[in-house]
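This report covers cross-links, charged pairs and pockets. Keep the structure in view while reading.

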Amino acid sequence: MLSVAPMMDWTDNHYRTLARLISKHAWLYTEMVVAETIVHQRNNLDRFLAFSPEQHPIVLQLGGSNLENLAKAAEFANAYSFDELNLNCGCPSGKVAGHGCFGARLMFDPKFVADAMSAIAANCSVPVSVKCRIGVDDHDSYNELCDFVYAIVSNSPTRHFIVHARKALLSGLSPAENRKVPPLKYEYYFALLRDFPEVQFTINGGITGIDQVNAARRQGAHGVMVGRAAYNNPWSTLRHVDSAVYGIPTSSLSRRQILEKYRMYGDSVLGKYGPGKPSIRQLVKPLLNLFHSEPGNGLWKRKADAALRRCKTIECFLEETLDAIPDSVLDSTLHRSPSDWEGSFADIDGMLPPPYKLSLQQSMSVSACLGISN
């Protein structure tokens, strides 16, 4: 399974519409939606939760630390038929004004996370998952990560973890720096596969293309999540997903055809929720990286900046900008095939930490929870 990571201000409805035109089968995640937003906007939920049927499979990521509000948010979201609900336990921001703790800070309290996952699961009809880091601050040993996973698996219905293979540093680093500065420890992820064989784990962090995706899968990864590469270079990152990951022929749509389909979508939703909601700029934003590193890309972006000052529709925007891109680029459906690159995972087996040791009581608890007979 390949998924596109939840990214604030990026993986909105507009980006997901574009991504789905490129890949029919990649799992898409919403931006994180704070539980309190859903609860307090219950009469305006379409603006935050509605999506087109074409976006399936799609996961809603929730943020928050109030059990009652997380439960209510899951109940309200259930009506929208997401394919999974996910709790953010990986964002390195400490607090959001008015919303309390959320994100990576929750890893300090695995019992609360288990209670939260139970509350979410009890109020929806789809699987639930946790997105987390491999540790937080000085709580970054492999055993501590296993304790976190164990506590949630043994006390909630959660059977899927998306693991960003870096720890989070809550002081001294910005969220952006937390995506780059702490070193990647992929060996922790692959050790989890060994030590929790009944649980599904998706690897996240530092994976930027289909070659790395395939290398992780060959090493045994259950799922792979790609983040900013899927936004900064959507065509190259997502183009081969359907064939390389799912064994299904890649779409034959060219970028010209994708833009025409996106135009129909964009012009149909302009101002749907009031003046400027969404705006032409919000709708154009996901398109600006579609020609990453291609001939004409620089001119296209300069023309885009000028067109956004004048145009009121996507049709107008495209008419004023697309002549910057050569026809050979616009109409091509070809891209290089994935390679057998091994990269960061080739020697991972020799780097794994020692196996996690459960006490007899823990082992019996996990077996009972997972329905495994001795």
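A salt bridge here is a side-chain nitrogen of Lys or Arg within 4 Å of a carboxyl oxygen of Asp or Glu. A search of the whole structure, which is a predicted model, finds twelve such salt bridges.

## Salt bridge between distant parts of the chain

Arg255 pairs with Glu294. Their closest N and O atoms are 2.7 Å apart. The two residues are 39 residues apart, and the pair links distant parts of the chain. Arg255 sits in helix α13, which covers residues 255–269. Glu294 lies in the loop between α14 (280–284) and α15 (297–310).

How accessible is each partner? Arg255 counts as buried, at 3% relative accessibility. Glu294 counts as partly exposed, at 23%.

## Salt bridges within helices

Helix α13 also holds both Arg263 and Asp267. These two residues are four residues apart, about one turn of the helix. They form a salt bridge, with the closest N and O atoms 3.8 Å apart. That distance falls within the 4 Å cut-off, so the pair counts. Arg263 is buried at 18% relative accessibility, because the limit for buried is under 20%. Asp267, at 25%, is partly exposed.

Asp305 and Arg309 form a salt bridge whose closest N and O atoms are 2.7 Å apart. Asp305 is partly exposed, with a relative accessible area of 37%. Arg309 is exposed, at 59% relative accessibility.

## A salt-bridge network

Which residues are linked in a network of salt bridges? They are Arg256, Asp327 and Asp331.

## The disulfide

A disulfide is a covalent bond between the sulfur atoms of two cysteines. How many does the structure hold? It holds one. The partners are Cys311 and Cys316, with sulfur atoms 2.3 Å apart. The cut-off is 2.5 Å, so this pair qualifies. The link of Cys311 and Cys316 is left-handed, with -60 degrees about the S-S bond.

Cys316 counts as partly exposed, at 22% relative accessibility.

Cys89 is buried, at a relative accessible area of 0%.

Cys146 counts as buried, at 0% relative accessibility.

## The largest pocket

Rolling a probe the size of a water molecule over the atoms shows where empty space is left. The largest pocket has a volume of about 1100 Å³. Its lining takes in 37 residues. Nearest its centre lie Asp12, Asn13, His14, Glu31 and Arg47.

Which elements supply at least two residues each to this lining? They are α1 (13–22), β2 (27–34), α3 (46–49) and α13. Helix α1 gives the most, with six residues. By class, the lining of the largest pocket divides into 15 nonpolar, nine polar and 13 charged residues.

## The second largest pocket

The second largest pocket holds about 720 Å³ of space. It is lined by 31 residues. Those nearest its centre are Pro6, Met7, His164, Arg179 and Arg228. Two or more lining residues come from each of β7 (128–133), β10 (223–226) and α10 (228–232).

Which element gives the largest share of the lining of the second largest pocket? Helix α10 does, with three residues. The lining of the second largest pocket has 14 nonpolar, eleven polar and six charged residues.

Terms used. Residues numbered from 1 in each chain as written. Predicted model: local features only at pLDDT ≥ 70, side-chain atom pairs only at ≥ 80, totals over all residues. Heavy atoms only, no water. Buried < 20%, exposed > 50% of the residue type's maximum accessible area, 1.4 Å probe, protein only. 1 Å grid on protein atoms, 1.4 Å probe; cavity = no way out; pocket = protein on both sides within 12 Å on 5 of 7 lines; lining within 4 Å. Points joined across faces, edges and corners; volume = space filled by probe spheres on them. Nonpolar A, V, L, I, M, F, W, Y, C, P; charged D, E, K, R; others polar.
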